[in-house]
Amino acid sequence: MINSSKILDTWLFTSNEWNDFVSIEKENKKEDNIYLGIGILIICIPGLMLFRGTNFLTALAFSVPFALLLPFLRIKFSSPHLKNNSRGTIIKIYPNYLLINTKKIELFGKRKWIMDMKIITTPSNQKLLEFTIEWMTSKGNTNDETRIPIPKDKEQKALEIIEFYKKH
């Protein structure tokens, strides 16, 4: 584990910059979770019919609640930091976590680590720093992406942060 008390950088955003990012990111998360729900239906309905011998309506009755509930819970728990803000936002980047206003997003822990980091560009030409965070579950590893906007004057610092994590 890395020394978590040393701050790597602080990024400041106006309320308009942050709120624009939040609307884009919420749409991305929503789209990802719609695909997850559809995937659950596509796999569960035939799976229940083939392996459990249920009819279509019973398989549908069991699959639909999971297809709705899992994406909803995933959005709820994976993005508490994605809230519109009228004052502006401060992101502090520490070696083991991100602090977005008062919300802490763990990057490293006993069973959590950064799998990948990269800079992506949105269709509106905004640059985002994407952390792919992986963690252990009882059935194997899983992961999720956390993205934060990169201020225009911090693009070089974002590259340095990526290099820092590659070394550690």
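A residue counts as buried when its relative accessible area is under 20%, as exposed when that area is over 50%, and as partly exposed in between, with a 1.4 Å probe and protein chains only. By this scale threonine 89 is buried, with a relative accessible area of 2%. The structure is a predicted model, in which local features need pLDDT of at least 70, side-chain atom pairs count only at pLDDT 80 or more, and totals for chains, interfaces and linings use all residues. Residues are numbered from 1 along each chain as its sequence is written, and side-chain values use heavy atoms, with hydrogens and water left out.

Contact here means heavy atoms within 4.5 Å. Residues up to four places away in sequence set aside, threonine 89 touches Trp11, Leu12, Phe13, Trp18, Ile100 and Asn101. Along β2, Thr89, Ile91 and Ile93 make up a covered face, whereas Ile90 and Lys92 make up an uncovered one.

Strand β2 takes part in an open sheet of 4 strands, ordered β1-β2-β3-β4 with antiparallel pairing; two strands pair if DSSP finds at least two bridges between them. At the edges stand β1 (9-13) and β4 (103-106), each with a single partner strand, so one side of each is left without a neighbour in the sheet. On average, neighbouring strands of this sheet are turned by 15 degrees against each other, direction ignored. For such angles, axes are lines fitted to C-alpha atoms, for helices over the stretch in contact, and angles run from 0 to 180 degrees between N-to-C directions.

The pairings can be followed residue by residue. Strands β1 and β2 run antiparallel and are joined by 5 bridges, with threonine 10 opposite lysine 92 in β2. Between β2 (residues 89-93) and β3 (residues 97-100), also an antiparallel pair, there are 3 bridges. Lysine 92 has leucine 99 as its bridge partner in β3, while isoleucine 93 stands opposite leucine 98 in β3. These two strands, β2 and β3, form a hairpin with 3 residues between them.

Two helices lie across this sheet. Helix α1 (residues 15-51) lies across β1, β2 and β3 and runs at about 95 degrees to β1. Helix α3 (residues 155-167) lies across β1 and β2, at about 140 degrees to β1.

A further open sheet has 3 strands in the order β5-β6-β7, with antiparallel pairing. Its edge strands are β5 (112-121) and β7, each of which pairs on one side only. Neighbouring strands of this sheet are turned by 20 degrees against each other on average, direction ignored. Helix α3 packs on the sheet as well, touching β5 and β6, and its direction makes about 150 degrees with that of β5. Helix α1 lies across β6 and β7, running at about 155 degrees to β7.

Within this sheet, strand β6 (residues 127-137) and strand β7 (residues 140-149) pair in the antiparallel sense over 10 bridges. A hairpin of 2 residues joins β6 to β7. Glutamate 134 stands opposite asparagine 143 in β7, and leucine 129 has isoleucine 148 as its bridge partner in β7.

Helix α1 also meets another helix. The axes of α1 and helix α2 (residues 56-78) come within 8 Å and cross at roughly 155 degrees. That makes α1 roughly antiparallel to α2, given that angles under 35 degrees count as roughly parallel, over 145 as roughly antiparallel, 65 to 115 as roughly perpendicular and the rest as oblique. The crossing of α1 and α2 is right-handed; a crossing is right-handed if the near helix is turned clockwise from the far one by less than a right angle, and left-handed if anticlockwise. The residues of the contact of α1 with α2 divide into 17 nonpolar, 4 polar and 3 charged. Here Ala, Val, Leu, Ile, Met, Phe, Trp, Tyr, Cys and Pro count as nonpolar, Asp, Glu, Lys and Arg as charged, and the others, Gly among them, as polar.

Leucine 41 is one of the residues of helix α1. At 28% relative accessibility, leucine 41 counts as partly exposed. Neighbours within four places in sequence left aside, leucine 41 is in contact with Pro46, Ser63, Val64 and Ala67. The C-alpha atoms of leucine 41 and phenylalanine 66, residues 25 apart along the chain, are separated by 8.4 Å.
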